[in-house]
Amino acid sequence: MALVEMTMPKMGESIMEGTILKWLKKQGDTIEQDESVLEVATDKVDTDIPAPEAGILKEILAKEGDVVQVGKPIAVISTNSDKIEAGAETKVVEQQTKNEEPVTRDVAPSPSFVPSPSSPVLDVSTDGHWKLEKPVAGRFYSPLVLNIVRHEKIPMEELEYVPGSGKDGRVTKKDIFSYVDNRTAVGSDHIGTGVKTTIASGTAAQEAVLEKAGQTTAAPSTIPQPPSAPPAFSVSGKDEIIEMDRMRKMIAVRMVESKRISPHVTSFVEADVSNIVMWRNKVKAEFEKKEGEKLTFTPIFIDALIKAIKDHPMVNVSVDDSKIIVHKNINIGLAVALPSGNLIVPVIKNADQYNLTGLAKKVNDLTRRARENKLIPDDLTDGTYTISNVGTFGNVMGTPIIMQPQTAILAVGAIQKKPAVIETPQGDAIGIRNMMFLSHAYDHRVIDGALGGTFVRKVADYLERFDGSSYQ
């Protein structure tokens with residue numbers, strides 16, 4: 001008999017942790033290899049985690065709601081194999097005796113910041129007042145928590161005092177959101193004094209708090225400034241208060257973060273897509289019968305986008321500090337609206353390797369699985385450029401927000417019939433044409449107006465010169 005340690009798998013290049021939503025099996029249950037054992041949520045997708053080996057779920061090491069770092073143990077499986085080869089997500093735990101518990105080694109947390117001894121320490125007690133407690137130095141903070149901290153402008157010194165409910169006292173998403181919600185509360189219990197003082201804006205009240213706690217105020221520059229009071233608002237009995245779900249909170253954080261990181265500029269062009277509309281109307285029934293897939297406009301737009309990226313590779317880039325990373329792969333993110341009202345962006349990897357038929361099947365597959373919550377983590381990673389079809393909502397144009405760490409995104413609007421000037425050998429004439437706006441938002445740190453404007457014009461040119469004969 002051998003024990004296999006089941007660890008939190010790596011579910012994407014940028015994902016460092018996962019939240020255990022639900023255990024599908026109980027301790028002592030018999031499980032088959034590749035059978036779903038638990039549900040895990042990341043900041044990108046929810047997914048089932050399969051068993052690496054068949055056997056008995058001997059021990060559950062992480063509870064529902066726990067945030068577990070990638071590679072950390074979450075369960076132990078007792079198998080009948082005498083020897084099991086260690087894989088990427090499991091390892092064998094040797095036993096000296098039948099009743100010996102498996103031994104694991106904790107990874108030392110990454111040092112993040114050592115707080116100043118003169119810094120105030122904040123915690124929330126059960127009665128809703130602030131109390132002074134000891135800081136926790138050297139804790140590991142996930143990228144998600146750090147993103148929230150940057151968005152809320154919480155100093156790193158103050159972060160050291162936030163109580164953590166995760167393993168080894170780590171601060172989870174729930175902890176930081178709870179702290180932010182209570183951060184502007186009034187009242188402070190001082191250690192050993194029992195005196196309650198209102199926390200006001202400015203350093204005078206802070207210094208008074210420190211003096212009561214027996215701390216020095218010689219270095220006020222190390223004292224984190226309290227946030228300004230939020231604007232007052234009124235809630236009546238006719239209003240409904242809805243708590244953001246986990247995905248909506250993450251979308252909010254990422255959108256604000258993108259605006260903070262990238263100076264957005266948007267260029268607009270209008271394209272005559274009459275040839276595309278006529279061709280699609282002509283072949284869509286035959287296409288569906290032959291390929292078993294609906295032919296939408298989106299794969300045609302992506303095809304033109306790919307050609308323009310090949311002409312202007314400097315829009316297919318990301319930024320790393322002062323370095324520009326030019327991506328050789330063209331991985332197109334596709335913004336998909338979910339039934340819940342949230343948004344998710346699956347990625348077509350190496351999109352330039354597909355013809356129009358392949359793009360149509362890939363778009364339909366990703367859209368379908370996104371709306372059925374069946375995407376896997378790999379579907380959401382490594383995007384280099386994103387397209388959003390706002391025309392599906394009846395919008396003629398939009399100003400999309402860039403998906404970090406990408407540097408550009410294209411929005412295509414609704415196709416509308418309009419009177420337009422048509423150039424003919426006999427002279428100009430007025431005709432009814434199918435017109436569409438394209439909105440190209442780009443990061444002005446690395447993409448200037450000339451490149452950003454030229455690029456979206458090139459996409460429009462490819463759409464206007466569309467010749468469907470090569471796809472029949």
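Helices (H or I, at least four residues) and strands (E, at least two) are taken as DSSP runs, numbered from the N terminus. Axes are lines fitted to C-alpha atoms, for helices over the stretch in contact, and angles run from 0 to 180 degrees between N-to-C directions. The model is predicted, so that local features need pLDDT of at least 70 and side-chain atom pairs count only at pLDDT 80 or more, while totals for chains, interfaces and linings use all residues. Residues are numbered from 1 along each chain as its sequence is written, and side-chain values use heavy atoms, with hydrogens and water left out.

Helix H7 (residues 298–311) packs against helix H8 (residues 356–371) at an angle of about 120 degrees, and their axes lie 9 Å apart. H7 is therefore oblique to H8 (under 35 degrees counts as roughly parallel, over 145 as roughly antiparallel, 65 to 115 as roughly perpendicular and the rest as oblique). On the H7 side, the contact (heavy atoms within 4.5 Å) is made by Thr-298, Pro-299, Ile-300, Ile-302, Asp-303 and Ile-306; H8 contributes Leu-356, Leu-359, Ala-360 and Val-363.

An open sheet is formed by four strands in the order E5-E4-E2-E7, with antiparallel pairing (two strands pair if DSSP finds at least two bridges between them). Strands E5 (46–50) and E7 (67–69) stand at the edges with a single partner strand each, so one side of each has no neighbour in the sheet. From one strand to the next, the twist averages 45 degrees. Strand E2 (residues 17–23) runs antiparallel to strand E4 (residues 36–41), and four bridges join the two. Ile-20 has Val-40 as its bridge partner in E4.
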